[in-house]
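Hi,

Here is the structure I said I would pass on.

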Amino acid sequence: MEVDRESVKLSLDNELIKTACNLSMEAHRSQHDDVVTSSMPSVAIFAFKSSMKVDGMYNDGPFGETNVDLQLFPSLQRIGEGQLAKVNGSILHIFKNLLTDSCFKSEVEKAIKEEKKILLTGYSFGGAVASLATMWMLDEYIRKQKIRLPIGCVTFGCPLIGDRIVTHAVQREKWSGHFTHFVMERDIVPRMMLAPKTSNFLKKNTRTHHDLLVDEDQAEGFFENVLINASTVASHDAFDLMEPTNSIKETLSAEFVKFSPYRPFGAYVFCTRKPRQQLVVENPNAVLQLLFYLLQLPNKDQNLAQFALESLTQHLSYEEELNINGLQLDINKMVYLKHLNKHLLTTDGDKVRNSNKALFELTADAKWCLLAVEEAEKRKEKNMDQLKKYMRYYKSSKINDMTKIIEDLCDKIPKYKEKCGDRELDYYEAFKLNNEQQDFEVNVDRLEQAKIWDVIIEMVRRQELPDEFEVWDELVALGTRFRRLYEPLDIANYYRHSKGDSYMDNRPKRYKFTQRWHEHASVMGFEVVSESNFVAVVEDLMKEVITPTKKTFEEVKKDYECIENKVKTWKYDEKITNEDVFWGEFILAKLKEKLA
Amino acid sequence: MNIDEAVTILSTLRLHHAIDEKESVGIKRPICITFGSPLVGDGGLRQAIAQRPQWESSFLNVVAKNDPVACYNSSSNTTFKPFGTFIFCTESGGHAAFDDEHSILQVLNAMKSLNAGESHVYDYTNILSSMRRKVLYHGDSELGEFNLNPLRAGITLRLREMEEKQIKMIRKKKMKNAYDASKKLNEMKISLTYMEWYMKTSREKGGYYDSYKNAIGKFELEKKNTIIKHQRRLNQYWKKFVEEKDIMPQKEGAKLRKRWLYGGTNYRRIVEPLDIADYYKKGKRNYIDNRPNHYKLRIMFSSEVELGKFLRSVDVIPEAYQAISEINSTVSTYKIHTTRFGINVLAFKCSPDFTTRFLEGKLDLVSSEKPHVLDFIPTKVISSFSINKAAVELFQDLGENLKELENKHINNSLIITGSGLGGYLAILSTLRLHHAIDEKESVSIKRPICITFGSPLVGDAGLRQAIAQRPQWESSFLNVVAKNDPVACYNSSSNTTFEPFGTFLFCTELGGHAAFDDEHSILQVLKAMKSLNAGESHVYDYTNILSSMRRKVLYRGDSELGEFNLNPLRAGIALRLREIGVSNAEIGIMEEKQIKMIKDMKRKNAYDDSKKLNDMKISLTYMEWYMKARREEGGYYDSYKNAISKEELEKKNTIIIHQRRLNKHWEKVVEEKDKMPQKEGAKLRKRWLYGGTNYRRIIEPLDIADYYKKGKRNYINNRPNHYKLLEKWSIEDNKSSKTSELKRNKAASLTEDSCFWAHVEEALIVLENGGSDDKFEDYVMGLIENYAVSAMFSWREVV
């Protein structure tokens, strides 16, 4: 059973945020513990600390990013391509130590036993650790162990730690609502990871930010570096959202321009000072733009050094903000992107000015960027709707080639299988011979399917579909059915023409992707050989028997037994619809005979 | 009066257009008065003008009854049509004004017959004064005043008809003037308020969409009925409105447009869901495809605004300039420099003497046919191009060592740069490196990037096209140009044949910057610069301008909401032009170009390629099946050529479609590949060549059959080009690939030589004529020995 996503979100109230903030600061100041826990009757709060020095963030190169551990974070990847997400290496290291060396895991499990809600929190770098811990918990307890456990994560002035694949995965798994990041309007720390490591500021000030012993010059250099680099990232992303016609940016960013891989995820609460207002934004692209644009100096008269210093000190002001203004999360004040743009576009200036000054004061180009974010989102949804058309509805225009749709085509295969039974062949062998009219017709169907699925896969690869597309259950189910019915035909076609190499090296993406979607949805490991393509392995073994090139006879035999066992387990797997799968009895028997 | 006055009309039209472009409501419109001008345009022109009331109302045409020129274009079967208001006058001071085109034509027609044969130029001085004098006197009577006698004859003929027309026009005018626009707008607001309220009240009952779609209770239905009225009204209003806006864009100022667009967006968000509900309730499907036009308001952006911001903040540009500045030399030279990020920069410098010579205007364009040094610039698509002589001379002087240096860095990413005329060297060196990379045929090799600073335009449209044909080449050129650099715009006078390519980043000393990539806009800006820098000829230093551009990132830009109208694309263009202080460019044309580019890009990015590939596979499957099914019946060649039975003909007809489709596809592919060889890596080529060979072997025999069936001879010499090329490439590819195929030991499923049947046909013709063809026998035996003939060809056909 799928865990209801809403039920595992922890809804925050002001009291909880206040406690979390105080505890985060306590953890931050603590000399010893890495985690400070506080147990309330119904909620267990874990506050993380990171006593790391700023240079510590850049252990792995100029931005310090590294691949995630697939074991710990199986969801942090692009599913189809199997492309891993990157997170900050140092933070990952701290988290891994925490998991093995501290009482964190046992405390969590204790809280689960007591059926408590869990809130993870942290200030500054501690917030980064908390975010990572939250993602690990969501994967481990909610997805894997399917525990209905309300989890939340609140951070204060937390730096960015994950790349765009983390952002994509968080959106895809609908985890976004678990994360709330409070950010002071001009706090430099949430932006600092948008810039590479610089020698400018960090040389003298090797201590963490909270006891800033910097003079204005150092602050200015650091601030300038962060802001200019943030601009590169923001304009890079905004450019891509605007349906660009020019490709020089691509050429430049491929080799010549190194910019930060980090992107925001989760909901951001921007707290402004004059007047004290809050702006809640959930769309990660919009957050990125705001991270940059809210940090820009309002005008040329502003003293840069002073502004830079203020930007640094704002990082220390979360407690003050809490005490004066209260860090509250009013769901009714939540600004969704659509509303955001509606605010921006309204002619009624006063209304906006009163509702949010920071927003109103944004520059025209910043507003275009936010508008472009919404438009890009709309385009993705439009593409999704287009696909739904192919997947569900029968289109009856005769001019259009797309008159055959996936399910109709899938339904044809069982009939074909039946007819092949009359010829005393399984459909795989029959198709391979390709002697009858019906074989030819099915071959055309196979190509028609390929036409539809290749487009779908291409759209996924170009990231022109909504993030949650790959976990859309209807698609996963349909893709699985298609894969089980049609992949044997593709294999047969491949070996009919016997192009030399193994099918497994040339397996079409439409089968790779559909298999991985299925494997992710059913929370199982990612495999290469599956119930739909083992026939190709058998074919390769058969070739080895006839003309040995790579394997000895014994090895082939061993491989055969391995396959045979796998087939057995698949056959008894309740989740696999038996009639869809091709079990390859004939070819398996033939191989067995040869090996005997 | 003079016929030249038709010109006045055109000039007025242009002025109107310019005013529209400016989008201001405050600007005063011109008025155009003509005296005795013949009709100038047809019905199309009339309509174009009539659609814009502000335009139409500015035309007044004074026509004298006895002016033969004025009615020259008005014979009864003419296609000329009038527009604007016409005042007809007689020598005695009689006058009458008309403004519906029907009446005007009638009158003119009548005049024509009156003035037949005359052809003098009429003087309007007297007639105008006598018309004025007539004001002083009472008219006789209503009818009497209308004493344009010959006219009246014309009018009485169709008086009724004309009257009706007039009445209709008056009514229409009344309707238009009846404060309708503002009343309507408010009515729509009321309707929208109803809708909003409905939406709100239905919220608790599970959302307005569902409660609308599934309204059952009496109360619910009643409520639904009231809002349906409003829904219809809104739909009608906006449908018309969007249609109008679509036909006549940018008629009103930006502010006005923002107002209605806001309303439109609101309307769309509230009302469209209900239309969807209706649509699906009727059992129809697939709304998105059938979405009414008036909901589709597409927003486009000016992505170059962001590109400019991206470029201003990246390090590579100042790094590149730094590399140039480090060269201390009085002769033209180059140097490799490594940045702190470990990227190599190849920097060029041109000697000051040469620059002086250049600025004296002693170097002009030369055609590409002369200098062989430039043979790395492909001329297959365009036959030739011209390039500035300075570039050729400079490049020649540097010699062959440079080429070696380029090739040494072919596997690393390389920045090639130069300022002023040094940029010419950088451009040519980059082009040569691109060519070398193409030759190497590897996809993994990194492409260089070329950054020039203030280089004048180097080549003509031919060169631009040659580069634009190769997206990977084109996207590697970035030209940074300071507004006050007189050298940069040296080749950009208004009648120049030079054309830009690549991306241009313009910048000003205050840190303003703007990126452009369509050649039209770039030329516009360069020309504006040229006139600004006229007379100057110093060499510009880019150090300061680059740093002030970078510092501008720190501060906020313009935040005026006034700038922010709902057309971000246009606003983006305006913003960019303002940034660099160019005021007199044609924004409208730039916008159109941009829209076209965005649409083209979208079309190019459509998923056609993967669809097409599978489509061709399907067609080939059909062909293969046809071939296979004919095997028992004496081979597909004969049964195709000699199809007689009804069944055979039917089958032939189905595959002919596929045959044609395949032919069309491959002809195009081959042509493209021929023009731009080695675009992709060897592996990719192998894949499509495999498909192409398959195609050639199956389809060409059928083409041969068609050819000989028509009684023609000698196919080999008339063989279509794409077959020839496909075969040539396939042979080349087999030679180059090291894994030569194992010697065949069973018959190929397809005959290797796709011209086999042409040889057969030729041999048959020779035999029929009583000769013998030993050559052919040898040929066939050779094929059989290599197992290259498909088993289906049996000897009996030949003998």
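Let's start with two side chains in chain A: A:Trp453 and A:Phe482 are both buried, which means under 20% relative accessible area, with exposed being over 50% and partly exposed in between (1.4 Å probe, protein chains only). Before going further, note that this is a predicted model, where local features need pLDDT of at least 70, side-chain atom pairs count only at pLDDT 80 or more, and totals for chains, interfaces and linings use all residues. Residues are numbered from 1 along each chain as its sequence is written, chains are lettered from A and ligands numbered from 1 in the order in which they are written, and side-chain values use heavy atoms, with hydrogens and water left out.

Back to the rings. Over all chains, a search of the whole structure turns up 43 aromatic pairs. For a pair, the ring centres of Phe, Tyr or Trp (its six-membered ring) lie within 6.5 Å; planes under 30 degrees apart are stacked, over 60 edge-to-face, and the rest tilted.

One of them joins A:Phe46 and A:Phe104: the centres are 5.5 Å apart and the planes at 85°, so this pair is edge-to-face. A:Phe46 belongs to strand β2 (residues 43–48) of chain A and A:Phe104 to helix α3 (residues 104–113) of chain A, so the pair ties together parts 58 residues apart in sequence. (Helices, H or I with at least four residues, and strands, E with at least two, are DSSP runs numbered from the N terminus.) Both A:Phe46 and A:Phe104 are buried.

As for A:Trp453 and A:Phe482, their ring centres are 4.8 Å apart with planes at 10°, so they are stacked. This pair links distant parts of the chain, 29 residues apart: A:Trp453 is in helix α19 (residues 437–461) of chain A and A:Phe482 in helix α20 (residues 473–497) of chain A.

There is also an aromatic cluster, with A:Phe46, A:Phe48 and A:Trp136 among its members.

Two arginines are worth a look too. The charged end of A:Arg516 sits over the ring of A:Phe526, 4.2 Å from its centre, and B:Arg576 lies over the face of B:Phe516, at 4.5 Å from the ring centre. Here the cut-off is NZ of Lys or CZ of Arg within 6 Å of the ring centre and within 35 degrees of the ring normal.

Finally, in chain B, B:Thr8 lies in helix α1 (residues 5–22) and is partly exposed, at 34% relative accessibility. B:Thr8 and B:Ser37 are 29 residues apart in sequence and 9.9 Å apart in space, C-alpha to C-alpha.

Cheers
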